[in-house]
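Visitor: I have a model open and want to learn to read it. Where do we start?

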Amino acid sequence: MQALRYEHADIRNKFWDASYDDSGNISGGHFAKNRTSYNEFLPSLFIAYRPTPFSVYRASFDTSYVMPNTFLLGGSRTSTYDGNGVYTIQEGNPNLKPVLSRNFDLSGQWMSRDGSSFAMGGFYKLLSNYLFDAGNSTRTDGTHYLSSTATTNVSPQEILETPRNGGSAFVYGLEMSGIKNMSFLPGFWKHLFISGNVTLQRSHANLKTAGIPDGTPIQYAPNWMYNLSLGYQSGRLNTNLSFRRSGAFLETYYTYSNSNGKTFNISWWDQPIQRLDYSINYKLTKRISMGFSAQNLLGDVSYYATRGKNSEKIPQIVWTGRSYFLNMNVDF
């Protein structure tokens, strides 16, 4: 199957334009506005082949895009005077390009008569005009933080800082998933099932940012993640014990420049996390059921970030603890 989609977007932003004096106090301001338009042709191709009733092979190519958020396009503008004749202007950038993704997927799925199945697939995604979250510090004490910007010396008296697109990025990987029903076991045990999935992936990005090398991973893309589940399902009873774990991933690109002008990569990394959950639901009658669930049974951390991938520097840790829920459902 082939398809061609066209999308037009017209974005109009109205924002506050504020001026600050050299003491950091507001000296004036007014509303300003800008406008952005996007026109995207998005072709796609999908192929499916079913040689038997219990197997299917799929291949696809499609394109998609993501527009920059309105804050990046038309966030508030500030004009700051340093007292030495230089103005620094920070504002949104209505000329930002959307992130365009070209996606290639190839997969196969095999099923059995008892409902068990196994699927495996590979993927490759090529991103253009990559947008990212980043920060930097230019003071030696590291206390002055700026959002990711392109800095342009418009003139000796004016410095312009605006968001900008990065370069290209790509992601590739392998996914596997399966479910095995224990229908060959006797009695009570034949209603058991085991399921799981695993994703292995690698990503590379060119940010066009000093201090961040080409080939750095894209944000929020761990190299691996998996889920395992042991469940039981019969006419009245449905219960499930599940475990999931994911590897470290880069959360925010970050650089630090010392007084000698040397730039260091001190990006924030989220460390591996895991969680064990349990749920049970029992049908009392045809219309009434009761359930119980427990989340994070092992009491693991839900968030653990550090400066650098393999370090324990400046850790930020969140423990949400265990959660328990009891519910009743009535169908009308």
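Guide: We take strand pairing, salt bridges and one serine in turn. This is a predicted model, where local features need pLDDT of at least 70, side-chain atom pairs count only at pLDDT 80 or more, and totals for chains, interfaces and linings use all residues. Residues are numbered from 1 along each chain as its sequence is written, and side-chain values use heavy atoms, leaving out hydrogens and water.

Visitor: How many bridges join strand 1 to strand 2?

Guide: Strands are DSSP E runs of at least two residues, numbered from the N terminus. Two of them pair if DSSP finds at least two bridges between them. Strand 1 (residues 2-20) and strand 2 (residues 26-52) run antiparallel, joined by 19 bridges. Asp-10 faces Ser-37 there. Strand 1 also pairs with strand 4 (residues 77-81), in the parallel sense, over 4 bridges.

Visitor: Which residue forms a salt bridge with Arg-77?

Guide: Side chains of opposite charge can pair when their charged atoms come close. The cut-off puts a Lys or Arg side-chain nitrogen within 4 Å of an Asp or Glu carboxyl oxygen. Glu-91 is the partner, with closest N and O atoms 2.5 Å apart. Glu-91 lies in the loop between strands 5 and 6, and Arg-77 in strand 4, 14 residues apart.

Visitor: Is Ser-229 buried or exposed?

Guide: Buried means under 20% relative accessible area, exposed over 50%, partly exposed in between (1.4 Å probe, protein chains only). Ser-229 has 13%, so this residue counts as buried. Ser-229 is in strand 14 (residues 224-233). Its contacts (heavy atoms within 4.5 Å) beyond four places in sequence include Phe-193 and Leu-241.
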